[in-house]
Amino acid sequence: MPYYKMKTAKLRALRQLFYFMQAAVRSCILKKETVHAYPLSISVEAASSCNLRCRYCYQASAKDKFDRGGGNMDFGLFEELIKEISGKPYPVNINFDLGGEPFLNDRLMDMVELASAHKRFTNISTNGTMLTDEIIDRILDSGLNKIGFSIDFLRGENMRDGSDIREVVSNIDKMIYRRNMSKKSKPRIIIRSLDLKGVLVKSLIGLFENRPDAVFFNPPTNWAGLIDFPRLGEAYNICMLPWLEMAMLHNGECILCCNDMQGAFMAGKFPDQNLQDIWQGNKLKTARRAIMDKDSSFSEGQNCPRCTRLKNPIPFKNYLRYLYEEARSSFA
C-alpha cells in the first residue's frame with residue numbers, strides 16, 4: 001500500500017477509535033444523550049426480504065409479528081443519502097447488513113460503487129447463496145472494504161433452510177482464491193456463525209481450501225423481542241448502538257437500531273428530514289435517555305426491554321473486537 005494511502009487509513013482508524021470511545025464515555029459514564037454530528041455507521045436495508053428461512057431468524061420465526069411489507073431500497077434514495085454524507089470528515093460507514101439478503105437488490109453493487117467513489121467505508125453481510133462469477137467480478141472491482149458471510153450452525157446443526165452449505169462454501173472459496181491471485185487487498189472476507197467455540201471454529205475454517213481473513217461467532221439474538229430465543233437474563237446493559245449507528249429501512253424510515261426490525265420505534269424519515277436532524281433529533285435523544293434510565297415507556301412497541309442486548313449484556317471486549325476489525329478493514 002502506498003505511504004499516503006496507509007497514512008489516510010491510519011487516520012481513519014484513529015478517528016473511528018476516538019468516535020467509539022467518545023460514545024462509550026457519553027453513554028456509560030457521563031450518561032449524556034448527545035452524540036457526534038453524524039453516526040459512526042449507517043445500516044442500510046438494501047432488501048427487506050430473504051431467499052432463506054433460517055430457523056433462528058425473525059423472517060421465519062416471527063411471521064405473526066413481522067409484517068411491514070417487502071421492498072428494495074431505490075437507488076435514487078441511496079444517492080440522496082450519499083449526497084448528504086459526502087465530503088463529511090466524520091467516519092460514516094455504510095453497512096448493507098439490515099433486513100433481508102442484500103443481493104436481492106439488483107442495484108446493490110451500484111450502491112457499493114457509488115459509496116466507494118465517495119470514500120465511504122462499505123460492508124456487506126450476506127448468506128452467500130447468490131454469489132456467482134459475475135457478482136464476484138463486481139465485488140472485486142467495486143472498492144468494497146469488507147464482506148461477511150453468514151454460515152450459521154448451532155451445536156453442529158445446519159440451521160439454514162433452503163441453502164446448500166457446500167455450494168456456498170465452494171463459491172466463497174472461489175472468491176478468496178480469485179482475490180488472492182489478483183493480488184487485491186479488498187474486500188476482507190469474513191465468516192460469521194452462531195454459537196461456535198473452540199474446536200468448532202477450526203472445523204469451520206477447515207471447510208475452506210482458501211483461508212478467510214477472519215472467523216467470528218456471535219450469541220444468537222431475539223431481534224428485540226421478535227422471537228423467544230434465547231432466554232433473557234436478569235442483568236441490564238446500556239446498549240451503545242443508539243450512540244454509534246443509525247438504521248435505515250428500504251423506504252428511508254430510520255428506526256431505533258439494527259435489532260428493531262419490526263420498526264417499533266421510528267426516529268424519522270429520510271429524505272423528508274435530513275440525516276443529521278434525525279440523528280440529533282429529540283426522538284433519538286429521548287430513546288438514549290430512556291435506555292440509560294431503564295425506562296421502557298419511550299417506545300410504543302416496547303422493544304428495548306425485551307432485547308437481548310439489554311438483558312444479556314454483551315462484553316465490552318466484543319465492542320473492542322468489532323472496532324479492531326473495522327480498523328483492520330481500513331487498511332484494505
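Guide: Just after helix H10, Lys-294 takes a positive phi of about 60 degrees. The model is predicted: local features need pLDDT of at least 70, side-chain atom pairs count only at pLDDT 80 or more, and totals for chains, interfaces and linings use all residues. Residues are numbered from 1 along each chain as its sequence is written, and side-chain values use heavy atoms, with hydrogens and water left out. Helices (H or I, at least four residues) and strands (E, at least two) are DSSP runs numbered from the N terminus.

H10 itself has twelve residues and reaches 16 Å from its first C-alpha to its last, close to the 16 Å expected at 1.5 Å a residue; the expected span is 1.5 Å times one less than the number of residues. Leu-284, Ala-287, Arg-288, Ala-290, Ile-291 and Met-292 of H10 are buried, where buried means under 20% relative accessible area, exposed over 50%, and partly exposed in between (1.4 Å probe, protein chains only). Because the two residues are four apart in H10 (residues 282-293), about one helical turn separates Asp-293 from Arg-289. Asp-293 is partly exposed at 48% relative accessibility, and Arg-289 is also partly exposed, with a value of 27%.

Most residues other than glycine have a negative phi, and most peptide bonds are trans. Lys-119, which is not a glycine, has a positive phi of about 60 degrees; Lys-119 is placed in the loop between H4 and strand S3 (122-126) and is exposed at 73% relative accessibility. Lys-183 has a positive phi near 60 degrees, lies in the loop between H6 and S7, and is exposed with a relative accessible area of 75%. The loop between H6 and strand S7 (188-194) also holds Pro-187, which a cis peptide bond joins to Lys-186, with omega about -5 degrees. Another cis peptide bond joins Phe-270 and Pro-271, with omega about 5 degrees; Pro-271 is found in the loop between strand S11 (266-269) and helix H9 (275-279).

Arg-138 pairs with Glu-113, the closest N and O atoms being 3.1 Å apart. Since Arg-138 lies in helix H5 and Glu-113 in helix H4, this pair ties together parts that are 25 residues apart in sequence. Arg-138 is partly exposed at 31% relative accessible area, and Glu-113 is partly exposed at 28%. A network of salt bridges links Arg-107, Asp-110, Glu-113 and Arg-138.

The axes of H4 (residues 108-117) and H5 (residues 133-142) come within 10 Å and cross at roughly 10 degrees; axes are lines fitted to C-alpha atoms, for helices over the stretch in contact, and angles run from 0 to 180 degrees between N-to-C directions. H4 and H5 are therefore roughly parallel, the class for angles under 35 degrees, while over 145 counts as roughly antiparallel, 65 to 115 as roughly perpendicular and the rest as oblique. Met-109, Asp-110, Val-112, Glu-113 and Ser-116 in H4 meet Arg-138, Ile-139 and Ser-142 in H5, a contact being heavy atoms within 4.5 Å. The residues of this contact divide into three nonpolar, two polar and three charged (nonpolar: Ala, Val, Leu, Ile, Met, Phe, Trp, Tyr, Cys and Pro; charged: Asp, Glu, Lys and Arg; polar: the others, Gly among them).

A further salt bridge joins Arg-179 to Asp-213, with the closest N and O atoms 2.6 Å apart. The pair links distant parts of the chain, 34 residues apart: Arg-179 is in helix H6 (residues 165-181) and Asp-213 in the loop between helix H7 (199-205) and strand S8 (214-218). Arg-179 is buried at 6% relative accessibility, whereas Asp-213 is partly exposed at 30%.

Methods. Salt bridge = Lys/Arg side-chain N within 4 Å of Asp/Glu carboxyl O.
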